[in-house]
Amino acid sequence: MITIPPYLKKGDVIGITCPAGYMAKEKAQTCIETLQSWGFEVMVGHTLGSASTNYFSGTDDERRDELQAMLDDEHINAILFGRGGYGMGRIIDQLNFTRFKKHPKWLIGFSDITVIHCHLNSRLKIAGMHAPMAAAFNDEGYKNEFVQSLRKAITGKKARYKTAAHAFNRLGIASAELVGGNLTLLSHLCGTASELDTRKKILFLEDIGEYTYNMDRMLYQLKRSGKLDTLAGLIIGGFTDIKDTERPFGKTIYEIIREIVAPYSFPVCFGFPVSHEKENYALKVGVNYTLQVGKAGVKLSEM
Amino acid sequence: MMPLTAGFVSMGRINEMANEGDSPVQIPPYLKPGDTIGISCPAGSITHEDIQPAVKKLMEWGFQVKEGSTVGKKNFTFGGTDEERKNDFQEMLDDKSIKAILCGRGGYGAIRIIDDLDFKNFSKHPKWIIGFSDITVIHSHVNRNLRVAAIHSKMCNSFPADWSKAEQVQVDSIESIRQCITGEKMNYLFTPNAANRTGMADGELVGGNLKTLETMADTKTDLVTKDKILFVEDTDEYLYSIDRMFWNLKRTGKLAHLKGLIIGGFKVKKDDAGDEFGKTIEEIVMEKVSGYTYPVCFDFPVGHQKNNMALKCGAQHKLSVHLNECRLNEIR
């Protein structure tokens, strides 16, 4: 059984830390103010707007220590990651989840954060929150339904998302645990202790900035490692800023996915709002949902 | 043990020095003059014209060449549809008159057909499969599942059209393929790098393209590296991505029980402005292997570059990393 961390109530504390790439403090300002306006207290870690001059928001030790402290601090009720980028994989094996396991809290983020969501799901059986991070609040983003979906999710409202039908959709209904995240990270975690177990689950995927051939290869990895064999359902989100080789691949990413899932019968929906763009609904990784892929449209409802 | 000589071609030979726990590696028969080499494209496409420098050179070496049906075929980036590439490669695997298969080029595509290829005949009558980059898929499969040696080397697309303009390292790289397939023991001397970890190791040599290895993790072609000497190379990847791939090697346990580690060429994609990774390849590698004691060397001439020396994957090698010189010697 998956443990669902306690939902947040007014006055609860949200910690903000950057376990991966560097983020300037001002880029998280709107997020901090918005969380406060939602009635939460915000505790900002030193990794946000740190003195780091390279890619990362701090050294491995600094990033790990801050995340560890926030995992262990019982006064912090949820952790919102400032941004992804790259870096969680460098510290994941050094984190100690003993106290977190006793007092779980929501860990909120996506992209590189897929690493910790998978680790939580596979190793600790604790739900995580795949959702917009600090930068998504900027440029009036805090008003949109996607950032608002995070507010609803962390306060315990059950999600009922609807999205338009897509010509490639395979109709059907599935009720199962929802897991997933960034395709590149899911591929990268194969064979490791944080590898995602997708058996009899609804899997969602998104990615950004990858070559088409490379996404094809990663999807083959999912298939060849058995991750598609017993899926209950598949949710395809946004695949944006796609790159192609000089000799074109000749297929779109959606065509590739349609082809690779052709031998199976589980429902599949394309164009679900989970992505690196604005369209990015909060999804509780590890929680049961019902996916209904119908002729008129798609519904994803938390059970 | 009897040393295997260049003329010994009767049967695939069991390598008795393979490690405990992993079955011995079969060395396909080496080639003799008059033998036939097949050219096939299991991944990217190449034109009939572009393989001519390779055809000419193979014939100069005394071999006959059989062009596969995928040469000159083009299905977008691929050397034919999955079906066409599979069928051509299957034919070459099964055709007893073909003693070696030289891949036209890498690119992408071997993973799309590897599970549909039938290696039953190949397993009984092994032959040399020659290539690198995307061909790492096939090499990894024959090493892991069939325990047959294969050659990691340049392919048809890298044979110079005009040898008078070729650099010596290109000439040597191509010549090393001939040495490999005719049964010479491979001996390489290469330049020490200050970041090397010195030491000596004996073991089966395995490896290939790092990204390709990562995307086979947890699949049935996932490379087993225990007690082996591993070499890796890659091209056109960001440093952060290379770092992530080495974490994959580490976290899947592939670095923990190595005999030695050989780092070939890494053509690094320049960091985006403001996203400077701040670590060198040497630093990225050494931090992953700091908990182990086996020898590690950089700058071995293998990769997407002019100096890409042929390596017999699956064969036993001795790696010697000293301060003043580094050697990789094939042993039996």
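Trainee: How many residues do chain A and chain B put into their contact?
Mentor: Chain B supplies 23 residues and chain A supplies 25 residues. Keep in mind that this is a predicted model.
Trainee: Which element of chain B gives the most to that contact?
Mentor: Helix 7 of chain B, residues 239-251, with 5 residues on the side that touches chain A. By class, the side of chain B that touches chain A has 10 charged, 7 nonpolar and 6 polar residues.
Trainee: What does helix 7 of chain B pack against?
Mentor: Helix 7 of chain B packs with helix 8 of chain B, residues 281-289, at an angle of about 20° and with the axes 10 Å apart. The cut-off for roughly parallel is under 35 degrees, so helix 7 and helix 8 of chain B count as roughly parallel to each other. Their crossing is right-handed.
Trainee: Which residues meet there?
Mentor: From helix 7 of chain B, they are B:Leu239, B:Ile242, B:Asp243, B:Phe246 and B:Lys250; from helix 8 of chain B, they are B:Ile281, B:Ile284, B:Val285 and B:Lys288. That contact has 6 nonpolar and 3 charged residues, and no polar ones.
Trainee: New topic. What domains does chain B have?
Mentor: The assignment gives domain 1 (13-181) and domain 2 (187-330). In chain B, the C-alpha centres of domain 1 and domain 2 lie 23 Å apart. Their contact takes 33 residues from domain 1 of chain B and 25 residues from domain 2 of chain B.
Trainee: And which element gives the largest share on the domain 1 side?
Mentor: Helix 4 of chain B, with 8 residues. The elements giving two or more residues to that side are helix 4 (136-146), strand 7 (150-152) and helix 5 (168-181) of chain B. By class, that side of domain 1 of chain B has 14 nonpolar, 14 polar and 5 charged residues.
Trainee: Over to chain A. What is the strand order in its open sheet?
Mentor: The 6 strands run in the order 2-1-3-4-5-11, with mixed pairing. Strand 2 (41-44) and strand 11 (283-285) of chain A are at the edges with a single partner strand each, so one side of each has no neighbour in the sheet.
Trainee: How do strand 3 and strand 4 of chain A run?
Mentor: Strand 3 (residues 78-81) and strand 4 (residues 106-109) of chain A run parallel, joined by 3 bridges. A:Ile79 stands opposite A:Leu107 in strand 4 of chain A.
Trainee: Which strands does helix 5 of chain A lie across?
Mentor: Helix 5 of chain A, residues 114-124, lies across strand 4, strand 5 (128-130) and strand 11 of chain A, and runs at about 145° to strand 5 of chain A.

Definitions and conventions. Residues numbered from 1 in each chain as written. Chains lettered and ligands numbered in written order. Predicted model: local features only at pLDDT ≥ 70, side-chain atom pairs only at ≥ 80, totals over all residues. Contact = placed C-beta atoms within 7 Å. Helix = DSSP H or I, 4+ residues; strand = E, 2+ residues; numbered from the N terminus. Nonpolar A, V, L, I, M, F, W, Y, C, P; charged D, E, K, R; others polar. Domains from an automatic or database assignment. Axes fitted to C-alpha atoms, helices over the stretch in contact; angles between N-to-C directions. Parallel < 35°, antiparallel > 145°, perpendicular 65-115°, else oblique. Left-handed = near helix turned anticlockwise from the far one by under 90°. Pairing = 2+ DSSP bridges.
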